[in-house]
Amino acid sequence: MKLYHLSGGVNTSNMKVLIVGASGMIGSAIAENLSDMEVIRAGYSSGDVTVDLENNDSIATMYKEIGKIDAVVCASGKAAFGGVDEITEKDVRLSILNKLGGQINLVRIGLDHVNDGGSFTLTSGDLSTKPDKTSSLVTAAGIGVEGFARASAISMPRGIRINVISPSLIRESAIKFNLPLDGSIPVAEAADWFRESLTGEMTGMVRELKGWL
Ligand SMILES: NC(=O)c1ccc[n+]([C@@H]2O[C@H](COP(=O)([O-])OP(=O)(O)OC[C@H]3O[C@@H](n4cnc5c(N)ncnc54)[C@H](OP(=O)(O)O)[C@@H]3O)[C@@H](O)[C@H]2O)c1
C-alpha cells in the first residue's frame, strides 16, 4: 500500500519493489536509484530470487517466495535481431515468449501479489517506433508490450498502474559493445524514469527516452 507524506510525495521507505533483470545494465541502475526502497533483485541466474520469464511456473514460484509487493519493474526481455528474410522459427519463439509473453505473464501472474495502488513498469525500446532493417521481431515485441500496457491500464484492478519505459540505446551499453554513441542516453537518466513510473500517478503511459548527441 502506498503511504503519502503530508507534502503529497510518496513515502518511498515503505515501498517493496521487485526488479526483474536487476543485474543487467538498466536493472542495476534502477536498483541503485531505488536504494531508499526495499528492493528485491531477480534474474535468470543471479539475485535474491531467480526467475525465467519464459516459464510461468517459475514466475509463480518467484511471486510466492517474495510475498506482497508494491511495485514490479521489468528490465529484462530478449528479442532476436535479423532481417525478415533471415529470422528463424526459434527467433520468433524467443521474441514472442520472452520479451513480449514474459512481460505479459509477469503482470498477469503478479496481479494478486501487488498491493492496492501498486504498479508495474515494463521495458520496450526505441526500435518500437524507430525500426531498422534488423528489428522486425524486436519492433513487434516492443510494440506488443506497449499495446498490452496501454490497454491493460483500463482494466487494472485496485488502482494498480502500468507503464512502459522505451529507452533509446543506453550510453554505457553503446560503450560496452563498441557502438556509435549518437542518440544514446546515460543509464542513470533511464533509471530516473523508472522511478517516476513507480512514484508518480501516471498509468497506461509509454515514456520514450531519446538522447541528443
Ligand atoms: N541496453 C540498452 O541499450 C537498451 C536499450 C533499449 C531497450 N533495452 C531493453 O531493456 C531491457 C534490459 O536491457 P539490458 O541491456 O539492461 O539487459 P542486460 O544487461 O542484458 O541484462 C539482462 C537481465 O535480464 C535477466 N534475464 C535474462 N534472461 C532472463 C529470463 N529468461 N528471465 C528473467 N530474467 C532474465 C538477466 O539475469 P542474470 O544476469 O541473472 O542472468 C539480467 O539481469 C531489455 O528488454 C532490452 O531490450 C535495452
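In this predicted model, helix H2 passes helix H3 in a right-handed crossing. Two packed helices are described by the angle between their axes and the distance between the axes. For H2 and H3, the angle is about 45°, and the axes lie 10 Å apart. That angle makes H2 oblique to H3.

The residues that form this contact come from both helices. H2 contributes Asn56, Ile59, Ala60, Met62 and Tyr63, while H3 contributes Gly102, Asn105, Leu106, Arg108, Ile109 and Gly110. An α-helix has 3.6 residues a turn, so residues three or four places apart point the same way.

| Helix | Residues |
|---|---|
| H1 | 25-33 |
| H2 | 56-66 |
| H3 | 89-110 |
| H6 | 187-199 |

Glycine 67 is found in the loop that joins H2 (56-66) to strand E4 (69-74). Is glycine 67 buried, partly exposed or exposed? Its relative accessible area is 28%, so glycine 67 is partly exposed. Apart from neighbours within four places in sequence, glycine 67 is in contact with Lys16 and His113. Valine 92 is 25 residues from glycine 67 along the chain, and the C-alpha atoms of the two are separated by 33 Å.

Which residues of H1 are buried? They are Ile26, Gly27, Ala29, Ile30, Ala31 and Asn33. These buried residues pack against several elements: strand E1 (16-20), strand E2 (38-43), E4, strand E6 (161-167) and helix H6 (187-199).

The chain as a whole may now be considered. It has 6 helices and 7 strands, and in sequence order these follow the pattern β-α-β-β-α-β-α-β-α-β-α-α-β. Of its 213 residues, 51% count as buried. Among contacts between residues at least 6 apart in sequence, 66% join residues at least 24 apart.

Along its principal axes, the C-alpha trace spans about 55 × 40 × 35 Å. The radius of gyration of the chain is 17 Å, which agrees with the value near 17 Å that a compact globule of 213 residues would have.

Conventions
Residues numbered from 1 in each chain as written. Predicted model: local features only at pLDDT ≥ 70, side-chain atom pairs only at ≥ 80, totals over all residues. Heavy atoms only, no water. Helix = DSSP H or I, 4+ residues; strand = E, 2+ residues; numbered from the N terminus. Buried < 20%, exposed > 50% of the residue type's maximum accessible area, 1.4 Å probe, protein only. Contact = heavy atoms within 4.5 Å. Axes fitted to C-alpha atoms, helices over the stretch in contact; angles between N-to-C directions. Parallel < 35°, antiparallel > 145°, perpendicular 65-115°, else oblique. Left-handed = near helix turned anticlockwise from the far one by under 90°. Rg over C-alpha atoms; globule rule 2.2 N^0.38 Å.
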